[in-house]
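Hello,

Here is the structure we talked about handing over.

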Amino acid sequence: MRPLTTDETKTLFEKLAKYIGSNIKHLIDRPDETYCFRLQKDRVYYVSESMMRMASNIGRDHLGSLGVCFGKFTKTGKFTLHITALDHLAQYAKHKIWIKPNGEMPFLYGNNVVKAHLGRITDDTPEHTGVIVYSMADTALGFGVTARSTAEMKRLQPTDIIVFHQADVGEYLRAEEAMF
């Protein structure tokens, strides 16, 4: 387990900024303890510094994971967020969208969100920004990227896509072996 390089940190923070904006500082400088990001086998983990120090006594080949897996780096150097980061993203999200009960199952099966399923959305959400998808009961279901701005969504047809699917909690069942 090693610290991220400057380029890796920049790539990770750019991806996180899409969803939580300047609230990234709240992930690192927490009131309870200092947290950091560490890389193990192309996966980025969010872990407390005290836990990281304890794990430094374990060999790299024997350490499976540590902390919360936020995502992984692809072979081309891009960063992909995993659904395991949802709790932290939802806590600090700038833009949110709530979908109606009839739209929950299609989203949880990996489909995009259409306008007919829109319950409500954060005001002034721009196009191509990260949003956290909630049920109407305020349960975080996943995250995605907006296809249109809030102003444009008002003029769309019910079957037009408003959020492109990125990850959802259904992945815990669909892609269990690929996650960890």
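**Domain interface**

Domain 1 and domain 2 bury about 910 Å² between them, with carbon and sulfur atoms giving 70% of that area. On the domain 1 side, Tyr 19, Ile 83 and Leu 86 lose the most area to domain 2. Together they make up 71% of what that side buries. Bear in mind that this is a predicted model.

The bounds are 2-88 for domain 1 and 95-173 for domain 2. Their centres, taken over C-alpha atoms, are 26 Å apart. Contact involves seven residues of domain 1 and 17 residues of domain 2. Zero salt bridges are counted between the two domains. Two residue pairs are in polar contact across the interface, both at pLDDT 80 or more.

**Cores**

The largest nonpolar core has 29 residues. Leu 16, Phe 37, Leu 89, Ile 132 and Phe 143 touch the most other members. This core lies between domain 1 and domain 2, because both give residues to it. A second, separate core holds 14 residues, among them Ile 99, Leu 118, Met 153 and Ile 162.

Back to Leu 16. Beyond its neighbours within four places in sequence, Leu 16 contacts Gly 21, Ile 24, Leu 27, Phe 37, Phe 70, Leu 81 and Leu 89.

**Ala 17**

Ala 17 sits in helix 1, residues 6-20. Its relative accessibility is 34%, so Ala 17 counts as partly exposed. The C-alpha atoms of Ala 17 and Thr 129 are 9.5 Å apart, though 112 residues separate them along the chain.

Best regards

Definitions and conventions. Residues are numbered from 1 along each chain as its sequence is written. This is a predicted model: local features need pLDDT of at least 70, side-chain atom pairs count only at pLDDT 80 or more; totals for chains, interfaces and linings use all residues. Side-chain values use heavy atoms; hydrogens and water are left out. Helices (H or I, at least four residues) and strands (E, at least two) are DSSP runs, numbered from the N terminus. Buried means under 20% relative accessible area, exposed over 50%, partly exposed in between (1.4 Å probe, protein chains only). A nonpolar core is a set of buried Ala, Val, Leu, Ile, Met, Phe, Trp, Tyr and Cys residues joined through side-chain atoms within 4.5 Å. Domain bounds come from an automatic or database domain assignment. Contact means heavy atoms within 4.5 Å. Buried area is the accessible area (1.4 Å probe) that two parts lose on being put together, summed over both. A salt bridge is a side-chain nitrogen of Lys or Arg within 4 Å of a carboxyl oxygen of Asp or Glu. A polar contact is a pair of N or O atoms within 3.5 Å; within protein, one must be able to donate a hydrogen and the other to accept it, and residues adjacent in sequence count only if both atoms are side-chain atoms.
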